[in-house]
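Dear colleague,

Please find below the structure that I am handing over to you. My notes on what was found in it follow directly after.

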Amino acid sequence: FVSAAASQTKMTATEAPTQKIEPRLRRFSARWRPPYPPPGVVLTETLETFDLASAAAYQIEFAWAGETARQVGVVAHRLLQRIAREGIEHWDLARCKGLRQANIVALAAAGVSRDELQAAAERIEQILWNTLGSERGRWLFDPAHREARAEYALTGIVAGRLISIKIDRTFVDRDGVRWIVDYKTGTHEGAAVEAFLRREEARYRPQLAIYAALMRLKESRPVRAGLYYPLVAGGWREWPAE
């Protein structure tokens, strides 16, 4: 590389490269669809009926909140996954604070502006500490849960379409109930928390219904869905996902 760079600097303005590469752009047809798996892959299809358009609306969740809020959520989800993997007993406030510089680096690498880095990192710490310090947060990571997973990926056929999802947190409690929990790292300004949570439940019910349907392709047991807001006082909403 050094010799190549040296030879380039010796070229005069009238010299031209010995080889010219013509770039080519190839596009898929607008009618192209990804192929189904080969015959050897067995897929079970759920016969439940869903409004997939409504369920897909959650993908624009952060469009109104800004890129910084989205990246705070990405880093916080990653750390909550670590808590699930390593065990909540290995985490405390000191460890959360000790990760501040690493979180700043992760946020900066994701494009968060310099003047927002400190506040964004502090918000991530608050998400972790509220989770570790609350009864609901500790319950989500209770080691007594069975078949517990974080960022659990599933793929299956729902309403005739191949759907891929990732569940933030799922486990089976002592009563044999399968829980499907979605973390929400946003905040709520104002006193009407219950009304806010009711609206959020209505907004995300279609999404979690699909999660539950895919889980039922794997097993047969009662399923409950939950939304967890660590930055909202009393930020928990649950319902039977039947």
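The side chains of Arg 237 and Glu 194 are joined by a polar contact of 2.3 Å; a polar contact here is a pair of N or O atoms within 3.5 Å, and within protein one must be able to donate a hydrogen and the other to accept it, while residues adjacent in sequence count only if both atoms are side-chain atoms. The model is a predicted one, in which local features need pLDDT of at least 70 and side-chain atom pairs count only at pLDDT 80 or more, whereas totals for chains, interfaces and linings use all residues. Residues are numbered from 1 along each chain as its sequence is written, and side-chain values use heavy atoms, with hydrogens and water left out.

Arg 237 lies in strand β6 (residues 236-240). Helices (H or I, at least four residues) and strands (E, at least two) are DSSP runs, numbered from the N terminus. With a relative accessible area of 17%, Arg 237 is buried, a term that means under 20% relative accessible area (1.4 Å probe, protein chains only), with exposed being over 50% and partly exposed in between. Leaving aside residues up to four places away in sequence, Arg 237 touches Glu 194, Leu 197, Arg 198, Glu 201, Ala 225, Gly 226 and Leu 227; contact means heavy atoms within 4.5 Å.

Turning to the protein as a whole, there are 8 helices and 6 strands. Their order from the N terminus is α-β-α-α-α-α-α-α-β-β-β-α-β-β. Of the 242 residues, 38% are buried. Among contacts with a separation of 6 or more, 67% come from residues 24 or more positions apart.

The axes of α3 (residues 67-86) and α6 (residues 114-133) come within 10 Å and cross at roughly 40 degrees, which makes α3 oblique to α6. Axes are lines fitted to C-alpha atoms, for helices over the stretch in contact, and angles run from 0 to 180 degrees between N-to-C directions. Angles under 35 degrees count as roughly parallel, over 145 as roughly antiparallel, 65 to 115 as roughly perpendicular and the rest as oblique. Residues that make the contact include Val 72, Leu 79 and Ile 83 of α3 and Ala 120, Ile 124 and Leu 128 of α6. By type, the residues of this contact of α3 with α6 are 11 nonpolar, 2 polar and 2 charged; Ala, Val, Leu, Ile, Met, Phe, Trp, Tyr, Cys and Pro count as nonpolar, Asp, Glu, Lys and Arg as charged, and the others, Gly among them, as polar.

α3 also packs with α5 (residues 100-109), at an angle of about 135 degrees and with the axes 10 Å apart. The two helices α3 and α5 are therefore oblique to each other. On the α3 side the contact involves Gln 71, Val 72, Val 75, Arg 78 and Leu 79, and on the α5 side Asn 103, Ala 106 and Leu 107.

Finally, α5 and α6 pack at about 120 degrees, with their axes 9 Å apart, so α5 is oblique to α6. The residues in contact include Ile 104 and Leu 107 of α5 and Leu 117 and Ala 121 of α6. The contact of α5 with α6 comprises 7 nonpolar, 2 polar and 3 charged residues.

One further residue is Ser 134. Its side chain reaches the backbone oxygen of Asn 130 at 3.0 Å, and the side chain of Ser 134 also makes a polar contact of 3.3 Å with the side chain of Tyr 228.

With kind regards
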